[in-house]
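Please look through the sequence and the model before reading on.

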Amino acid sequence: MSVQIAKNKPYIVGLTGGIASGKSTAAAYIKSLNIKVIDSDEIVKNLWKENNEMILKAESLFGFSIKTDADKEKIKKAMCEDKRLRLKLNEITHPFVFKEIKRQLLTFENEKIVVIDMPLLFEVSYEKKCDITCLVYVSKNIQLMRLMSRDDMLEKDAKKLINCQLSLEHKKMKADVIFDNESDLDYLYFQIDQFLRGLKL
């Protein structure tokens, strides 16, 4: 694929994946190439530390004070078990996330390309704000094995965590570009290099 990038406007690449798919590894490699990456997970972490308005809204939703890491773990568990809560929390947090992404994009207005690293890219419809979307893909079995190994999890717990996310198979149907991460890192990096070359930076 060859894409001509418009002048005076960063070309927005949405990068997504699932837990233990290798998305963070792909994002780190792209950063190493001196391409600007906006990390939505990092934005969320900072919001939980600093944004009292968002925290108060979340506390109202869950009915308890959110102060410690243990409180945040309770939220994660509740979200995984209750889709309604998950959607409600997304409605609370993502306007703040989008606002911060917009702010960061303004600081990168002279860049040719900016990558938005966002696990919930399709879940919150942020692909509409991207020029192209990329998915780091692995099969569910490999995802399960890697998650169990990485986090020393029991199979039933790993499955529960994977199943509370939109499946990679579903995301695969939505993404413009697929990075196959079922082999080694060299092959993942090769695919990313080929994609970036196609953008004619």
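## Helix α3

Helix α3 covers residues 52-62, and its buried residues are Met54, Ile55, Ala58, Glu59 and Phe62. Buried means under 20% relative accessible area, exposed means over 50%, and partly exposed is in between, with a 1.4 Å probe and protein chains only. Helices (H or I, at least four residues) and strands (E, at least two) are DSSP runs numbered from the N terminus. Seen down the axis of α3, the buried residues fall within an arc of 135 degrees, so they line one face of the helix. The arc is that of the directions from the helix axis to the C-beta atoms. An α-helix has 3.6 residues a turn, so residues three or four places apart point the same way.

The buried residues of α3 pack against α2, α4 and α5, where contact means heavy atoms within 4.5 Å. On the face turned away from the buried side, α3 carries the exposed residues Asn52, Leu56 and Ser60. After α3 comes Gly63, with a positive phi near 80 degrees.

## Basis of the model

The model is predicted: local features need pLDDT of at least 70, side-chain atom pairs count only at pLDDT 80 or more, and totals for chains, interfaces and linings use all residues. Residues are numbered from 1 along each chain as its sequence is written, and side-chain values use heavy atoms, with hydrogens and water left out.

## Asn51 and the start of α3

Asn51 is in the loop between α2 and α3. Asn51 caps the N-terminal end of α3, with a side-chain oxygen 3.3 Å from the backbone nitrogen of Glu53. A polar atom of the Asn51 side chain also lies 2.8 Å from the backbone nitrogen of Met54. A polar contact is a pair of N or O atoms within 3.5 Å; within protein, one must be able to donate a hydrogen and the other to accept it, and residues adjacent in sequence count only if both atoms are side-chain atoms.

Leaving out residues up to four places away in sequence, Asn51 touches Asn46 and Phe96.

## Helix α2

The residues Ser40, Ile43, Leu47 and Trp48 are buried in α2. Their directions, seen down the axis of α2, fall within an arc of 135 degrees, so these residues line one face of the helix. They pack against β2 (36-39), α3, α4, α5 and β3.

On the other side of α2, Lys45, Lys49 and Glu50 are exposed. The N-terminal end of α2 is capped by Asp39, which has a side-chain oxygen 2.9 Å from the backbone nitrogen of Asp41.

## The largest pocket

The largest pocket holds about 1,800 Å³ of space. Of the 47 residues that line this pocket, the closest to its centre are Asp41, Lys76, Met79, Pro119 and Gln165. The elements that give two or more residues to the lining are α1 (23-32), α2 (40-50), α4 (69-81), α5 (83-107), α6 (140-151) and α7 (155-163). Helix α4 gives the most, with nine residues. By class, the lining has 16 nonpolar, 11 polar and 20 charged residues.

On a 1 Å grid over the protein atoms alone, a pocket is an open set of points with protein on both sides within 12 Å along at least five of seven lines, whereas a cavity is a set where a 1.4 Å probe fits but cannot get out; lining residues have an atom within 4 Å of a point. Grid points are joined across faces, edges and corners, and a volume is the space filled by probe spheres set on the points. Ala, Val, Leu, Ile, Met, Phe, Trp, Tyr, Cys and Pro count as nonpolar, Asp, Glu, Lys and Arg as charged, and the others, Gly among them, as polar.

## The cavity

The structure holds one cavity of 30 Å³ or more. The largest cavity has a volume of about 50 Å³. Its lining is made up of Val13, Leu15, Ile30, Ile113, Val115, Cys134, Ile192, Phe195 and Leu196. Two or more lining residues come from each of β1 (11-16), β3 (113-117) and α9 (185-198), and α9 gives the most, with three. The lining has nine nonpolar residues, no polar and no charged.

## Single residues

Most residues other than glycine have a negative phi. Ser125, not a glycine, has a positive phi of about 60 degrees. Ser125 lies in the loop between β3 and β4 (132-137) and is partly exposed, at 30% relative accessibility. Asp152, in the loop between α6 and α7, has a positive phi near 50 degrees. Asp152 is exposed, with a relative accessible area of 71%.

Met145 belongs to helix α6 and is partly exposed, with a relative accessible area of 49%. The C-alpha atoms of Met145 and Ala175 are 24 Å apart, and the two residues are 30 residues apart along the chain.
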